Amino acid sequence: MRRSFKFLLRPTRKQVAALTACLADHQQLYNAALEHRRTAYRKAGVTVRYGEQSAELKHIRADDPGGQGRWSFSSQQATLRRLDKAFAAFFARVKAGRAPGFPRFKGKGWFDTVEWPKDGDGCRWDSQPGHPAATYVRLQGIGQVRVHQHRRVLGTVKTISVKREGRRWYVILSCDDVPAQPLPATGVAVGIDMGVAWLVTTSDGEHVANQRHLAACADRLAAAQRDLSRKQRGSNRRRKAVARVAALHAKVRRQRLDGAHKAALALVGVYDVIVHEALQVANMTSRAAPKPDGEGGWLPNGAAAKSGLNKSILDAGWGVFLTILSHKAGSAGRELIAVNPADTSRTCSRCGHCVAENRVTQAGFRCWACGHTAHADANAAVNILRAGLALRDAARAA
Ligand SMILES: [Zn+2]
C-alpha cells in the first residue's frame with residue numbers, strides 16, 4: 001500500500017530564508033521552461049519535450065552556481081516534469097475537442113511545493129537517526145531541518161516534498177509498502193449519515209465529530225473575506241488581508257482533517273462494516289439549504305450555513321472525511337459500502353413508510369404511518385445501514 005505522511009517542519013530563521021529561495025528558484029525554473037515552450041509552440045509550432053529541457057538543466061546550473069546550481073538536480077527535474085504533466089493535460093483537452101487554457105505561469109503564492117523524487121538523492125529523511133530528541137530531514141542547499149514527527153512513519157520512503165502553507169512549512173513523505181494493519185473483527189455493522197450540524201451520525205444514534213470549532217473558524221473566514229473585498233488593490237492593507245484569509249483557510253483545512261481523522265478512527269475501531277451515502281454534488285447542495293423565515297432572517301436548520309462560503313466549507317468536509325475513512329478502512333481490513341442516498345432521510349426506519357412530511361424539522365423525524373420518532377440523522381443512518389447490508393447480500397448471492 002502507498003501512503004503519505006505529513007509533518008510540520010521547524011526550520012531555523014536561516015533555513016526559512018533558504019527554503020523561500022529554494023521555492024522561488026524552482027518557481028522561476030518552472031516559468032522559464034514554460035516561456036520556452038510557449039515561444040517555440042506559438043512562433044514555430046514546435047513542441048519542446050521534457051527530455052530537451054532536462055538536458056539544458058546542466059548548463060543552467062553551471063551558469064548560476066550561487067542560484068539554480070545550489071539545489072538538487074533531481075528536484076529541478078521533478079519541477080520540469082510537473083510542467084510536462086500540465087502540457088500533457090493541455091494537449092489531452094485539445095485532442096478531446098475542448099477549448100483549454102494554455103498552461104499558466106505560476107505567480108506569487110501559486111508555487112508552494114518542491115519535490116525530491118527519491119530519498120537519498122539531494123535529500124535524506126531521518127538524516128540524524130542517532131539524535132536522541134528530534135528527527136531531521138536533510139535537504140540539499142538548505143541543511144538539516146528539524147521535523148515535528150508526531151507519528152511513526154511506515155513502509156519505505158520514496159519521495160520527499162516540502163510544502164509552504166501560509167507561514168508554515170511541511171514535509172510530506174510518500175511511502176511504499178506500507179503494511180496493512182488489520183484490526184480484530186467485531187461482528188458489528190453501522191450506517192452513517194453525514195450532516196452539517198454533526199459531521200456523522202451513526203445508526204446507533206451516536207453523533208461523531210462536532211464541527212463547532214470548524215464552524216466558528218468558517219465564520220471568521222467569511223468575515224475576513226468580506227474585509228478583503230473592501231481593500232484597495234495593490235495596497236499594503238490588502239496584502240495583509242490576503243495573508244489573513246490564507247492563514248484562516250489553512251486553519252480550516254487543518255481542523256477539517258483533524259476532525260475527519262478522529263471520526264474515521266473511531267468508526268474503524270468499532271465496526272467491521274461501515275455503510276455510507278455515495279456523495280452526489282446535487283445531494284450535497286440541497287441538503288443544507290438554509291431556510292429563509294420570510295422576515296429577512298433564517299430559520300434554524302441545524303446548520304451553520306449562514307453564507308454560501310460557510311456552507312461550502314462544511315460541505316467540503318464530507319469528501320475529505322470519506323477519503324480518510326476509505327484509507328483507514330482499507331488499512332484496518334474493514335468493509336466500506338456506499339449506497340444511493342435517495343429517500344434515506346424521509347423513509348421511516350421502522351415501517352418503511354416514505355413521505356417528505358416524515359421529516360418534521362432538520363433534526364426531528366416522525367413517521368406519519370406508525371408514529372415512530374427519532375433523530376432525523378439517526379433514522380437516515382439506519383436506512384443507510386439497511387440499504388448497504390441488502391446490497392452486500394445481493395452481491396454475495398450473485
Ligand atoms: Zn413508520
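**Exercise 1. Work out whether Asp126 is buried or exposed, or something in between.**

Step 1: count neighbours. Asp126 has 16 C-beta neighbours inside 10 Å, so it counts as partly exposed. The cut-offs: buried takes 20 or more other C-beta atoms within 10 Å of a residue's own, exposed takes 12 or fewer, and partly exposed is in between, with C-beta atoms placed from the backbone.

Step 2: check the ground rules. This is a predicted model, where local features need pLDDT of at least 70 and side-chain atom pairs count only at pLDDT 80 or more, while totals for chains, interfaces and linings use all residues. Residues are numbered from 1 along each chain as its sequence is written.

Step 3: find the spot. Asp126 sits in the loop between β3 (123–125) and β4 (135–139). Strands here are DSSP runs of E with at least two residues, helices are runs of H or I with at least four, and both are numbered from the N terminus.

Step 4: look at the backbone. Asp126 isn't a glycine, yet its phi is positive, about 50°.

**Exercise 2. Take helix α8 and say what its buried residues pack against.**

Step 1: get its length. Helix α8 (residues 376–397) has 22 residues and reaches 32 Å from first C-alpha to last, close to the expected 32 Å. That expected span is 1.5 Å times one less than the number of residues.

Step 2: pick out the buried residues, among them Ala376, Val382, Ile384 and Leu385.

Step 3: see what they pack against: β8 (189–194), β9 (198–202), β11 (273–277), β14, β15 and β16 (373–375).

Step 4: zoom in on Ile384. Beyond its neighbours within four places in sequence, Ile384 is in contact (C-beta atoms, placed from the backbone, within 7 Å) with residues including Ile192, Val275 and Val339.

**Exercise 3. Describe the largest nonpolar core.**

Step 1: define it. A nonpolar core is a set of buried Ala, Val, Leu, Ile, Met, Phe, Trp, Tyr and Cys residues joined through C-beta atoms within 7 Å.

Step 2: ask who contributes. The largest share, eight residues, comes from α8.

Step 3: a second, separate core of 20 residues includes Trp71, Trp125, Ile142 and Ile160.

Conventions: Contact = placed C-beta atoms within 7 Å.
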